[in-house]
Amino acid sequence: MLPRVADSLSFLYLDIVRIHQDDTGVRAEVTSDRRGTETVYLPTAALSCVLLGPGTSITARALATLARHGTTVLITGAGGVRCYAAALPDSLTTSWLERQTRAWVDDTQHVAVATAMYEKRFGHGTVPPGTNLAQLRGLEGQRVKAHYRLLAQQYKIGRFRRAYDPASWDTQDPVNLALSSANTCLYGIVHAAILALGCSPALGFVHNGNQQAFVYDIADLYKAELTIPLAFSLHSATNPEADARRSFRDGLRLFGLLPRIVTDIQQLLAPHTSYDGPDPEEQLVDLWDPISGAIPGGTNHAFDT
């Protein structure tokens, strides 16, 4: 369904640049006192997500080109921390949003999806049959603590305690700073994949009450494998936040994260369905019908007289 988002590059973070469209493509102009103005052309068709940080301006033509190529544009804080707004293509269908919504409002399906999310973290066949959601939460908490303890022993840094406090950001240790930075990048990529599928970032199954709830749900599937080990490897870094972003980006080339996100979301929302939908750029808007579900749009449905 989405070869573009699955095959494309992960993300590009830009700040203090001007982005505009010329006859060749979308370009970013970087101005500095030492080098003057430098121009970098962006591979718009190969990018899944562009994060625009502070000091960035973008023209309407450039934004339209990114949207036409299926690239999600996120407006973020410095270093990609916090997502304030998102612009996504209007060619998306609502097939997966409808599946997500049906599962979210139905209590039985909601629990089934949440359970499947926990089981994905543990690995197939490792959760005893009949384990309820409360037990899964407890098992997951124990697993994360054991993972922290093992990595702390491996890197000989003593006891580690996860802490995230924006009010005292500068007083946190390098591992916590690196983990927060890497997780923020992970959230941006997951957010882009969710929007590319046409799903809602707000309708979470494990997390609740936040516009990023589904983002947190999906991102939690990969933290133990990707961001947590990375953060502990930077325990002695002098600039752990920047090092985490660079290392995270480089590691994604081998990790193949975007195809996994797309596949995992589809398996979670439609576990017994092999989806082979129409090309989203060719599908017309349908009309809802209480009997058939959907009838073709773009058609005059007046009764013959």
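Q: Is Asp 264 buried or exposed, and what is its relative accessible area?
A: A residue counts as buried when its relative accessible area is under 20%. In this structure, which is a predicted model, Asp 264 has a relative accessible area of 11% and is therefore buried.

Q: With which residue does Asp 264 form a salt bridge?
A: The partner of Asp 264 in the salt bridge is Lys 120, and the closest N and O atoms of the two are 3.3 Å apart. Because Asp 264 belongs to helix H10 (residues 257-269) and Lys 120 to helix H4 (residues 107-122), the pair ties together parts that are 144 residues apart in sequence. Lys 120 itself, at 32% relative accessibility, counts as partly exposed.

Q: How many salt bridges does the whole structure hold, and which residues are linked in a network?
A: A search of the whole structure gives 10 salt bridges. A network of such bridges links Arg 121, Glu 140, Arg 143, Asp 220 and Lys 223.

Q: What should I look for around Arg 27?
A: Arg 27 forms a salt bridge with Asp 22, where the closest N and O atoms are 3.0 Å apart, and the side chain of Arg 27 also meets that of Glu 29 in a salt bridge of 3.4 Å, N to O. Asp 22 and Arg 27 are both buried; for Arg 27 the relative accessible area is 18%, which is under the cut-off of 20%.

Q: Where does Arg 27 stand in relation to strand S4, and how do S3 and S4 pair?
A: As a general idea, strands of a sheet pair through backbone hydrogen bonds, and they do so either parallel or antiparallel. Here strand S3 (residues 26-32) pairs with S4 in the antiparallel sense over six bridges, and Arg 27 stands opposite Tyr 41 in S4.

Q: In what order do the strands of that open sheet come, and which stand at the edges?
A: Four strands form the open sheet in the order S4-S3-S2-S6, with mixed pairing. Strand S4 (36-41) and strand S6 (57-58) stand at the edges and have a single partner strand each, so one side of each is left without a neighbour in the sheet. Helix H2 (residues 60-68) lies across strand S2 (18-21), S3 and S6, and runs at about 75° to S2.

Q: Which way do the residues of strand S5 point?
A: In a regular strand the side chains alternate between the two faces of the sheet. In strand S5 (residues 49-52), Cys 49 and Leu 51 point one way while Val 50 and Leu 52 point the other way, and all of them are buried.

Q: Which strands pair with S5, and in what sense?
A: Strand S1 (residues 12-14) pairs with S5 in the parallel sense over three bridges, and strand S7 (residues 72-76) also runs parallel to S5, joined to S5 by four bridges.

Q: What does Thr 115 touch?
A: Thr 115 has its place in helix H4 and, at 15% relative accessibility, counts as buried. Leaving aside residues up to four places away in sequence, Thr 115 touches Leu 133 and Leu 136.

Q: Which loop holds Ile 16, and which holds Lys 156?
A: Ile 16 is in the loop between S1 and S2, where its phi is near 55°, a positive value in a residue other than glycine; Ile 16 is exposed, with a relative accessible area of 60%. Lys 156 is in the loop between helix H5 (133-155) and helix H6 (174-197), and although Lys 156 is not a glycine, its phi is positive, at about 55°. At 73% relative accessibility, Lys 156 counts as exposed.

Q: How many helices and strands does the chain have, and what share of its residues counts as buried?
A: The chain has 10 helices and 10 strands, and 41% of its 305 residues count as buried. Of the contacts between residues at least 6 apart in sequence, 61% join residues at least 24 apart.

Terms used: Residues numbered from 1 in each chain as written. Predicted model: local features only at pLDDT ≥ 70, side-chain atom pairs only at ≥ 80, totals over all residues. Heavy atoms only, no water. Helix = DSSP H or I, 4+ residues; strand = E, 2+ residues; numbered from the N terminus. Buried < 20%, exposed > 50% of the residue type's maximum accessible area, 1.4 Å probe, protein only. Contact = heavy atoms within 4.5 Å. Salt bridge = Lys/Arg side-chain N within 4 Å of Asp/Glu carboxyl O. Pairing = 2+ DSSP bridges. Axes fitted to C-alpha atoms, helices over the stretch in contact; angles between N-to-C directions.
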